[in-house]
Amino acid sequence: MSDNVIFFRPVEKVGNVVDVLRSCPFLNFPIVDMDDNELLFGTISSNVICALLKHRSFGRAIAPGAARPDGVLSQHMEVGEDTFVPIAGWEVVQDSYPKYPSVSDIRISNRERELWLDLRPYANRAPITVQEHASLSRTYQVFRSLGLRFLPVVNKRNQVVGTITRSNICVHGIDAASLKSKRS
């Protein structure tokens, strides 16, 4: 398990997102709500994020009551007092499947790095997780039976304390035979 968790906040600066994607080989990331006791908000794949970045599905927060920029009257999301524009429909992500753009193909200007990407509409809000004290056998079973590649590890308060990837399990030589011998 990696306890150095690399995560995104529900609304993140484009520059931070691009930097993380370029520096990490991970395919999935937890989304952690720092404003809500650091709770796990959901997960998101790098493929979805790259599709959003390619289609410039980011914008800036606009003040309540302020005029929206031209052309984005129907493409915005209001959460509390914040409004974020623009928001792309799910079809942007669907149309990218199965050949998602790569982060290396995405060019972001310095001005765009300061804009905001709202991940909330695209997050998996009910991700499979494992508790921090779950047994190795149970974790292996979850990976095998569901075909997972990434599993957030949470504490009893649903705060992310680590992540487990398929490579973590493979690196340690864990397989069904070794688990059976440990149970015997």
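The legends below accompany several close-up views of a predicted model.

Residues are numbered from 1 along each chain as its sequence is written, and side-chain values rest on heavy atoms, with hydrogens and water left out. Because the model is predicted, local features need pLDDT of at least 70 and side-chain atom pairs count only at pLDDT 80 or more, whereas totals for chains, interfaces and linings use all residues.

**View 1. Overall content of the protein.** The protein has seven helices and ten strands, where helices (H or I, at least four residues) and strands (E, at least two) are DSSP runs numbered from the N terminus. Of its 184 residues, 43% are buried; buried means under 20% relative accessible area, exposed over 50% and partly exposed in between, with a 1.4 Å probe and protein chains only. Among contacts with a separation of 6 or more, 61% are between residues 24 or more positions apart, a contact being heavy atoms within 4.5 Å.

**View 2. The largest nonpolar core and a second, separate one.** A nonpolar core is a set of buried Ala, Val, Leu, Ile, Met, Phe, Trp, Tyr and Cys residues joined through side-chain atoms within 4.5 Å. The largest such core holds 29 residues, of which F8, V14, L21, I44, I49, L53 and L117 touch the most other members. At least two residues of this core come from each of α1 (14-23), β2 (28-33), β3 (39-45), α2 (46-54) and α3 (90-96). In soluble globular proteins, nonpolar side chains tend to be buried together.

**View 3. The packing of α1 against α2.** The axes of α1 and α2 are 11 Å apart and meet at an angle of about 135°; axes are lines fitted to C-alpha atoms, for helices over the stretch in contact, and angles run from 0 to 180 degrees between N-to-C directions. That angle makes α1 oblique to α2, since angles under 35 degrees count as roughly parallel, over 145 as roughly antiparallel, 65 to 115 as roughly perpendicular and the rest as oblique. On the α1 side the contact is made by V14, V17, V18 and L21, and on the α2 side by S46, I49, C50 and L53.

View 4. Within α1, the residues V14, G15, V17, V18, V20 and L21 are buried, and their cover includes β1 (11-13), β2, α2, α4 (110-113) and β7 (116-118). Once neighbours within four places in sequence are set aside, L21 is in contact with F8, F29, S46, I49, C50, L53 and V103.

**View 5. N47 in helix α2.** N47 lies in helix α2 and, at 31% relative accessibility, counts as partly exposed. Although N47 and S102 are 55 residues apart in sequence, their C-alpha atoms are 7.6 Å apart in space.

View 6. A cis peptide bond, with omega about 0°, joins Y97 and P98, and P98 is placed in the loop between α3 and α4. R56, in the loop between α2 and β4 (61-62), is not a glycine but has a positive phi of about 55°; at 31% relative accessibility, R56 counts as partly exposed. N158, in the loop between β9 (150-154) and β10 (160-165), likewise has a positive phi, near 65°, in a residue other than glycine, and at 32% relative accessibility N158 counts as partly exposed.
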